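Please have the sequence and the model in view while reading.

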Amino acid sequence: MKRFHVHIHVQDLQASIAFYSRLFSAQPARIETDYAKWMLEDPRVNFAISTRGSKPGLDHLGFQVDSAEELVEMKAAAQNADMAVLDEGETTCCYARSDKHWITDPQGVAWEQFHTLGDIPVFNEASQPASGAACCAPTQPTAAACCAPNTVATVGCCGPATSSKSSCC
């Protein structure tokens, strides 16, 4: 079963935790000095906030799956639809170890598809980027790169990757 994932950058973590706790009528499942996450069942959503972004607002959307098999199915569907796929494989981010890949919609919104393998005590085990950006979401390709076949490249702080398929044409 899939769980919808939303990650939003916030300026004031404590005020945002208070707001979303009231909105969801639930306390976060995890709180760190720069991050909070709710694992809601109704609606089934993994909702995360952090202070790591360059500006407040939507960072990325995604789907968290319960099994490696589901993740393989989602990746195959993206590849069959000629979407550019940034495959990170097993990686760490947002206080978790996950197997994941990314796609980008035509508007440049990053979509993460991942299977969580376990928790870790730090935001990311890799070195943090100097910009302070969230480690996870890839940089959005420009429109020119997006629509030129065989040139789609995205770079996240977890490392560069290139795909031979266009994500928006």
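What does the accessible surface of the protein chain come to, and what share of it belongs to carbon and sulfur atoms? The accessible surface comes to about 8500 Å², and 54% of it belongs to carbon and sulfur atoms, with areas taken from the Shrake-Rupley method with a 1.4 Å probe.

The model is predicted, so local features need pLDDT of at least 70 and side-chain atom pairs count only at pLDDT 80 or more, while totals for chains, interfaces and linings use all residues. Residues are numbered from 1 along each chain as its sequence is written, and side-chain values use heavy atoms, with hydrogens and water left out.

The protein chain holds 3 helices and 10 strands, which are DSSP runs (helices H or I, at least four residues; strands E, at least two) numbered from the N terminus. Of its 169 residues, 47% are buried, where buried means under 20% relative accessible area and exposed over 50% (1.4 Å probe, protein chains only).

Helix α2, residues 68–80, has 13 residues and reaches 18 Å from its first C-alpha to its last, close to the 18 Å expected at 1.5 Å a residue, a span counted as 1.5 Å times one less than the number of residues. Its residues can be grouped as follows.

| Group in α2 | Residues |
|---|---|
| Buried | E70, L71, M74, A78 |
| Exposed, on the face turned away from the buried side | E69, V72, E73, N80 |

The buried residues of α2 are E70, L71, M74 and A78. They cover an arc of only 100° around the axis, which puts them on the same side of α2; the arc is that of the directions from the helix axis to the C-beta atoms. These buried residues pack against β1 (2–9), β5 (57–65), β7 (96–104) and β8 (110–119).

Key. Contact = heavy atoms within 4.5 Å.
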